[in-house]
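Please read the following briefing alongside the sequence and the structure.

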Amino acid sequence: MTTIEAPAPENTQGANKFGVAGAPGCLNSADAIISVRHRRKWFQVGNTILGFGQKHWLKAVDDVSFDIERGKTIGLVGESGCGKTTTLKLLLGLETPTAGEIYFEGQDVKTLTKAGRKEFRTSIQAVFQDPWSSLNPRMRVNSIVAEPLEIATTMTKQQIRSRVGDLLAETGLNSYQGNLYPHEFSGGQRQRIGIARALALNPKVITLDEPVSALDVSIRAQIMNLLVDLQEEHGLAYLMVAHNLATVRYMCHRTAVMYLGVVQEMGDTESIFRNPTHLYTNALLSAALPSHPDIEREEIILPGEVVSPVDPPPGDVFMTRTPLPVDPAHEYAKVRPALTEIEPDHWVTVTPWSTLEAANKTGINLSLSVDEEIESDSFQGGGN
Ligand SMILES: Nc1ncnc2c1ncn2[C@@H]1O[C@H](COP(=O)(O)OP(=O)(O)O)[C@@H](O)[C@H]1O
Ligand SMILES: [Mg+2]
């Protein structure tokens, strides 16, 4: 008798088809190329003399879980210092983790063979924020784009030359431009060079750390459209950090809002923008979106500055920033609350002091202020 396998469960906290355990906020879809689970990065800070004295921990990333799905973009947003870049660096192997796992196509990367690790490393490439400092000024564009092919493949010079030509064409550059140096290009063109280089090894995932924020507003849409086209063409997955919320809404299928190293709201991008639920998300939106006569949104001020991530509270990290009263005896003042799914693929940290609904009930007058980095910008989407 043949048994019919049930389809891989979606949108559950059960294990995915690879057997990777779910976590709150994770779709756990069968298309997950990478699953990050309970990742932490704590930096030890302050002075301890010969190991004595109190240790202080700066919890840059504290129990973050998400999936990166084939052909999709997941965005990380939040104020400066909330742990976005550290999350990317953990994925790229540029920081050693304090705890947690990364699964590559279902396999814990700690258990990969040497060949498996090499495949994992070439499958994830990065495009950086600053196209001025991220390209070697002494190398011609052809060499910059060819370098990963020379290091990681056995391709002949001829094959590399032809591949570089294809990559330049694909990213909207002319072949003669391969003989030029980075300083001979505009910011947008340099970002195209960075993207061509990132594509060279046919990665499955590209991390984008604020890929357009250093560019002129007028050319941001071009680069974003290029990224979207490349995604569709190659089924690429992106993990994108952006502080511009219009960029996030345009590019990201799913979004995670981070505060003090912790994801506070996460899920389908449109659900979050349509129904922002956490007070912090609402504060980001009210600070960032240009006011439109049709949109009624109260401006929200969160008291104080971004709180230091050194020795954050054991419970809800948002409790030191909320304008609502916090009952220190409440369970969530002592124990970190998990994300709750409030509608399909929309997850929020719900505590008596963390949601817009709770604020509305108290009648507290909220008005605006989050970090200056969350700029309001005139980019209005890009279309296709
Ligand atoms: N190497 C490091 N040593 C100590 N603290 C660090 C280090 N790297 C980052 N941090 C701290 O970790 C927190 C998160 O930083 P980062 O991930 O760069 O934030 P974001 O990209 O969201 O602005 C910040 O408080 C930052 O100062
Ligand atoms: Mg950063």
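Predicted model: local features only at pLDDT ≥ 70, side-chain atom pairs only at ≥ 80, totals over all residues.

**Ligand shell and strand pairing**

By class, the shell around ligand 1 is made up of 5 nonpolar, 5 polar and 1 charged residues.

- The residues around ligand 1 are Phe43, Leu58, Ala60, the run Ser80, Gly81, Cys82, Gly83, Lys84, Thr85 and Thr86, and finally Pro309.
- Strand E2 (56-69) and helix H1 (84-92) each contribute at least two residues to the shell around ligand 1, and H1 gives the most, with 3 residues.

**Helix H1**

- H1 is mostly covered, since 7 of its 9 residues are buried; these are Lys84, Thr85, Thr86, Thr87, Leu88, Leu90 and Leu91.
- Lys84, Thr85 and Thr86 are therefore found both among the residues around ligand 1 and among the buried residues of H1, where a residue counts as buried if 20 or more other C-beta atoms lie within 10 Å of its own.
- Just after H1, Gly93 adopts a positive phi of about 75°.

**Strands E1, E4 and E5**

- Strand E1 (residues 32-45) pairs with strand E4 (residues 99-104) in the antiparallel sense over 5 bridges, and within this pairing Ile34 stands opposite Phe104 in E4.
- E4 is also joined by 2 bridges to strand E5 (residues 107-108), again in an antiparallel arrangement, with Asp108 in E5 as the bridge partner of Tyr103.
- The hairpin of E4 and E5 has 2 residues between the strands, and Glu105 in this hairpin takes a positive phi near 45°.

**Strands E10, E11 and E12**

- Strand E12 (residues 346-349) runs antiparallel to strand E10 (residues 262-268), to which it is joined by 3 bridges, and Trp347 in E12 is the bridge partner of Met266.
- Strand E11 (residues 339-343) is likewise antiparallel to E12, with 4 bridges joining the two, and here Thr340 has Val348 in E12 as its bridge partner.
- E11 and E12 form a hairpin with 2 residues between them, and in the turn Asp345 has a positive phi of about 50°.
- In a regular strand the side chains alternate between the two faces of the sheet. Both faces of E12 are covered, with His346 and Val348 buried on one side and Trp347 and Thr349 buried on the other.

Definitions and conventions
Residues numbered from 1 in each chain as written. Chains lettered and ligands numbered in written order. Near = placed C-beta within 6 Å. Nonpolar A, V, L, I, M, F, W, Y, C, P; charged D, E, K, R; others polar. Pairing = 2+ DSSP bridges. Buried ≥ 20, exposed ≤ 12 C-beta atoms within 10 Å, placed from the backbone.
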